[in-house]
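Dear colleague,

Please find below the structure for your review. My findings follow it.

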Amino acid sequence: MTTNLQTVLRIGWHKFIAPIDVPLLIICGLILLLAAVVMGSAAPERMGAHLRSLAIALMAMRVMAGIPPHRLMRLAIPLYCFGIVLLVAVALFGDVSKGARRWLDLGFMRGQPSEIMKIAMPLLLAWFFHQREAHRRGRDFVVATLLLLVPVALIMRQPDLGTSLLVLAAGFYVIFFAGLPWKVLVGLLVSAVATAPVAWSFLHDYQRNRILTLLDPEKDPLGKGFHIIQSTIAIGSGGFLGKGWREGTQSQLEFIPEHHTDFILAVFAEEFGLLGNMLLLTLYGFLIGRGLMIAAQATSLFGRLMAGAITMIFFTYAFVNIGMVSGMLPVVGVPLPFVSYGGTALITLCTGVGILMSIHKNRMLVQK
Amino acid sequence: MRHIKDDAVLDKFRLRLVVAAGLVLLCFVLLLARLVWLQVVQYAYYQTRAEDNRISLVPITPSRGLIVDRNNRVLANNYPAYTLEIIPAQTENIGHTIDQLAELIDIQPGDRKRFKKLLAEGKRIESIPIRTQLNDEEVARFIAQRYRFPGVDVKARLFRHYPGGAFASAALGYIGRVTDRDLDRIEDADQEANYRGTHYIGKMGLEERYEFALHGITGFEQLEVDSAGRAVRTLSRTAPVPGNNLTLTLDAELQRIAEQAFGARRGALVAIEPATGGILALVSMPNYDPNLFVDGIDSASWKDLNESADRPMLNRAINGVYPPGSTFKPFMALAALAYGKRTPEQAIYDPGVYQFGGHTFRDDKKGGHGSVDMYRSIVESCDTYYYMLANDLGIDRIARFMGQFGLGSRTGIDLSNESVGVLPSPAWKESRFKQAEQKKWYAGETISIGIGQGYNAYTPIQLAQAVATLANDGVMFRPHLVKFITDTRTGKRELIEPKPIKTIALNPEHIKIIKAAMVGVNIEGTGARAFAGAGYTSAGKTGTAQVFSLKGAEYKKHSIHEILHDHALFIAFAPAENPKIALAVIVENGGFGAQAAAPIARQMFDYYLLGKKPSAPAPVVLVEGGVD
């Protein structure tokens, strides 16, 4: 009797953990552990909420890991269209919060539809190139670019520069891995640099201010420059070993704005020093390395593109956020991946990890 | 089995992965270099800065700019009052402290709510009010017990005050506590830093429109704080810069006379200086006391204001839309001349009714006016003349001509949320209605447009602008309330330049004819009684706007409930030969324009041109029925 029950449980357990990639899980687990530690210092009152969204995010990870890539591909078009419809709806009826139209109240839920695009965009493009694999033409890149620019333009109009850049990057990585000719890539880089002054004139005032503030934060010590000044002070004063958990004066005296969301790295860096930062960067390095390995070993074009893009998205999150908090990049709303408080981002990221796992576990099944 | 081609593709892909990995590595090295720079190389510097960060910046709210009339009479200022404030960082148990304070001083649940909200938003080192506007006795009671409450103190703060009470509320508006929507506005204007420490913001009227000019620049105090965040001493202080002062085109005395003239009646009045577009008086009655809003209005007063049938919160001057009634006629006559549809001498015969498409349009005068030329049509306000004229002009010409005078479009007055009104046209009807049957314009609808009824609906500010433009021979100005803004620091004045928006192409001869007829109105016509013995020449036109149409029935005033009485209107300017003031006045449910509205205009002109002050609300002049 007991043996029977044990067998059932064991089989169930095996089924449950089967799609999970252990190295990825360990790396993510360590980052999430660090996140919980720093959350305990930055915003202990939000610990409960943080753990709740973490639980949901981990479930999302497990669910995605269990969906084989060929089934996932079927979601590409509906998810993309759904995302576009929601973005248009936001533009028309969205709630204005802090001067930007980003939220949509659907009655039963309130969410930021732009978040969906972070997954839907690479998914659609990876599916698209997968379909065109046998008879690839140069024109495909043009079509892919157009498919990418529609949501990016919609999100940029909200205006939400951070998210639109992330979606743009997500789509771009797919196009890059799909084999965008080097000549075009170099041409794009050159023209991007050349058109920067034109782009400047299209930015919103607040976006320009953020860039100007980056160059000279002391100019606006009570306003925008305050974020950068305070976060660099926090990081710098952390030194090599840091001031110790909950000992950061910058963090605890509330000099750091948004210290549990986008600027959480400043709290971490102040309390755990360069040593902590190196640990965090190493963990991100492992995560990205594992992701690129999964991409390299993937057998279908879809798997390769999707895995490559998702991994590079993790990198982009981390680079942009750390760069911004340490005063290297302008302030855009990009969270520190797996660490910042905020359920939506956490779920998106864990969904990405789940997809990586699924691609890896199913690599044998789709082999020709 | 794999093809060689597949391998080549895979190799290409892997090359790209290597490139991506290289990029990652490069970027991470950059980040690491930056972190090493901050945390190792510059460590000592940032260590000191963090120590210095024991210095906290606390905002000092600037005093809000004053609002004065054209003769420097103060309409909005600030007065000091005591507030009880708590610095959270210096208070052990805030909830307990407030409970103890409540034993000394009356603290309402609303006060606690606001405090909680401000506490969540602000920094723990900033002083947060728990009670505002303490009276002397309360201050004394607290001071005696102050030793018991570390971190709690009485501070003198400036509060907005409107010395005239409800006076000119439609123009001034009011300020109130900052809400989430205001925060969005502040963020959109990129003013977050400047609004740190500001708890009040303009909500309506000039206070809202000129918020960022009135606010001033927030100063700050550098405080040294200990490791627990307690202020140890003040290191330096950057004084706030008071907000800019607004000097209005408004004449407070004229405004007062206008408001008194209404007495207890509802309505609106806008008086404009035709040569500049400067608004001399802007009245919406009943008015309300903006002082009620300054520190958050109590729910009972709010309910009173909002649920009153008289709707005091409605700014009738810019948001009330009324049919212009017969005040439309001078403009119709001008259109007739402009399009060559009538000559001044051409007379029609008015039998008292006008038949069109099987429908009978009645003239107000029983039996009709007989033979009527253009002059008499305005002086006596003959409806039949305009029924016919409307039919001859057609709706398209009427809409085009009236549109030039700004009717049916926002005037651009410096107050927010101005209403558009309705300039009827087939295109408007097409977009306004849903069903195909309703979308169609019927020729019969044009007829009543001719006497200012039908779909016609304009705001008093539009009517005032139109009559001012007529008085000004077609040169149109944007109506505005602010004459100049004074920078309190430099004393420099930013003048609101009275630039003409446009000049309507009109034949000066035609204007002369219309003006002469409007002068006739006040000498021998419907306005004669109100303007008897005025001592100056004025031009006017009475109007009566139907609130609802009485099909076939005789209009008997006393038999209908008061709110169904017609609206009384009057447009006028004076002196006729060199207009210094033009106005439009509407008395809701006042009956005939000649009775209720024209006497208000008389009081205005008497004061503005002759300096005569009336002693009582404008009288209702009795005229024989059926003049308008």
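**Findings**

L292(A) lies in helix α13 of chain A; helices (H or I, at least four residues) and strands (E, at least two) are DSSP runs, numbered from the N terminus. Please note that this is a predicted model, in which local features need pLDDT of at least 70, side-chain atom pairs count only at pLDDT 80 or more, and totals for chains, interfaces and linings use all residues. Residues are numbered from 1 along each chain as its sequence is written, while chains are lettered from A and ligands numbered from 1 in the order in which they are written.

L292(A) counts as buried because it has 21 C-beta neighbours inside 10 Å. The criterion is 20 or more other C-beta atoms within 10 Å for buried, 12 or fewer for exposed, and partly exposed in between, with C-beta atoms placed from the backbone. Leaving aside residues up to four places away in sequence, L292(A) touches G308(A) and T311(A) in its own chain, and L17(B), A20(B) and A21(B) across in chain B. Contact here requires C-beta atoms, placed from the backbone, to lie within 7 Å. A307(A) is 15 residues from L292(A) in sequence, with 7.1 Å between their C-alpha atoms.

As to the interface, 43 residues of chain A are in contact with 39 residues of chain B. Several helices of chain A each supply at least two residues to this side, including α8 (161-177), α11 (224-238) and α14 (301-325). The greatest contribution comes from α13(A), with 9 residues. By class, the side of chain A that touches chain B has 21 nonpolar, 17 polar and 5 charged residues; Ala, Val, Leu, Ile, Met, Phe, Trp, Tyr, Cys and Pro count as nonpolar, Asp, Glu, Lys and Arg as charged, and the others, Gly among them, as polar.

Within chain A, helices α6 (residues 114-131) and α15 (residues 343-361) pack at about 10 degrees, their axes 10 Å apart. The two are therefore roughly parallel, a term for angles under 35 degrees. Axes are lines fitted to C-alpha atoms over the stretch in contact, and angles run from 0 to 180 degrees between N-to-C directions. E115(A), K118(A) and I119(A) of α6(A) meet T344(A), T348(A), T351(A) and G352(A) of α15(A).

In chain B, helix α23 is mostly covered, with 10 of its 13 residues buried. Among them are I600(B), M604(B) and F605(B). The buried residues pack against elements of chain B including β11 (267-272) and β22 (567-574). Just after α23(B), G611(B) takes a positive phi of about 75 degrees.

Yours sincerely

Terms used
Two residues are in contact if their C-beta atoms, placed from the backbone, lie within 7 Å. Angles under 35 degrees count as roughly parallel, over 145 as roughly antiparallel, 65 to 115 as roughly perpendicular and the rest as oblique.
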